[in-house]
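Trainee: I've just opened this one and I'd like to learn how to read it. Can you walk me through a few features?

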Amino acid sequence: MKHHLNIILLALRIMIVVAACMAGYNFICAGVSVYDTETGLVFLNQSFSPIGSGYKYSVYEAQFMPYYLATYGLLLIYLTRVLITLRKCFARLKKGDIFYEEQAREFRRAGGGIIIFAKCRYLLMCAFGAICFKALQLFVTEIPVFLLFYFVGKLVLVLYHMAEKGAFLREENELTI
């Protein structure tokens, strides 16, 4: 059991670092894109592909890139916060603190946060992709990433329900004794 929790904690630690670094990178790229639209155009060509193969992005579309990058950076900071909450839950489980009072609430907050991140990321990608960058295929190509985050959030919500029931049973057991 502890071996599995060690693996989960390591994976969460890695995800926290990756999400935080990605957020920082997005903010740096947003700042550079504000002052140098040619660099913003490079970031745009790396991040999105237009619906037509013969279409090339122009400086006009690149002017929206700093807003996209900054918003996505904020979203990644939110994900980092949610992952830190989830890591704290699993760290307490590793210590043997099972079915404590706050556990269910922490799992619910983390699961809901991951689902909110999934929805906001999908909306952000599709809104900027369709409206600003003429990449209509994002409505379809972003579905697997959305579903991955969404189902992970749902899995954490299952842990919330288990922790809630476990806390109730623990309380009943203490009242019986």
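This is a predicted model: local features need pLDDT of at least 70, side-chain atom pairs count only at pLDDT 80 or more; totals for chains, interfaces and linings use all residues.

Trainee: What about the phi of Lys134?

Mentor: Most residues other than glycine have a negative phi. Lys134 isn't a glycine, yet its phi is positive, about 55°.

Trainee: Which residue forms a salt bridge with Lys134?

Mentor: Side chains of opposite charge can pair when their charged atoms come close. Here the partner of Lys134 is Glu61, with the closest N and O atoms 3.0 Å apart. That pair links distant parts of the chain, since Glu61 sits in helix α3, 73 residues from Lys134. Glu61 is buried, at 1% relative accessibility.

Trainee: How many salt bridges does the structure hold?

Mentor: Three. One of them joins Arg121 to Glu142, with the closest N and O atoms 2.4 Å apart. Arg121 is in helix α5 and Glu142 in the loop between α6 and α7, 21 residues apart. Both are buried. Arg105 and Glu102 also meet in a salt bridge, at 3.1 Å from N to O.

Trainee: Which residues make the nonpolar surface patch?

Mentor: Ile51, Leu136, Phe139, Val140, Ile143, Leu147 and Phe151 make a patch of about 660 Å². The elements giving two or more residues are α6 and α7 (143–176), and α7 gives the most, with three. Ile51 comes from the loop between α2 (37–47) and α3 (59–62), and at 59% relative accessible area it is exposed.

Methods: Residues are numbered from 1 along each chain as its sequence is written. Side-chain values use heavy atoms; hydrogens and water are left out. Patches are made of residues with over 30% relative accessible area and no salt bridge: like charges are joined within 9 Å, nonpolar side chains (Val, Leu, Ile, Met, Phe, Trp, Tyr) within 5 Å. Accessible areas come from the Shrake-Rupley method with a 1.4 Å probe; for residues, only the protein chains shown count as cover. A salt bridge is a side-chain nitrogen of Lys or Arg within 4 Å of a carboxyl oxygen of Asp or Glu. Helices (H or I, at least four residues) and strands (E, at least two) are DSSP runs, numbered from the N terminus. Buried means under 20% relative accessible area, exposed over 50%, partly exposed in between (1.4 Å probe, protein chains only).
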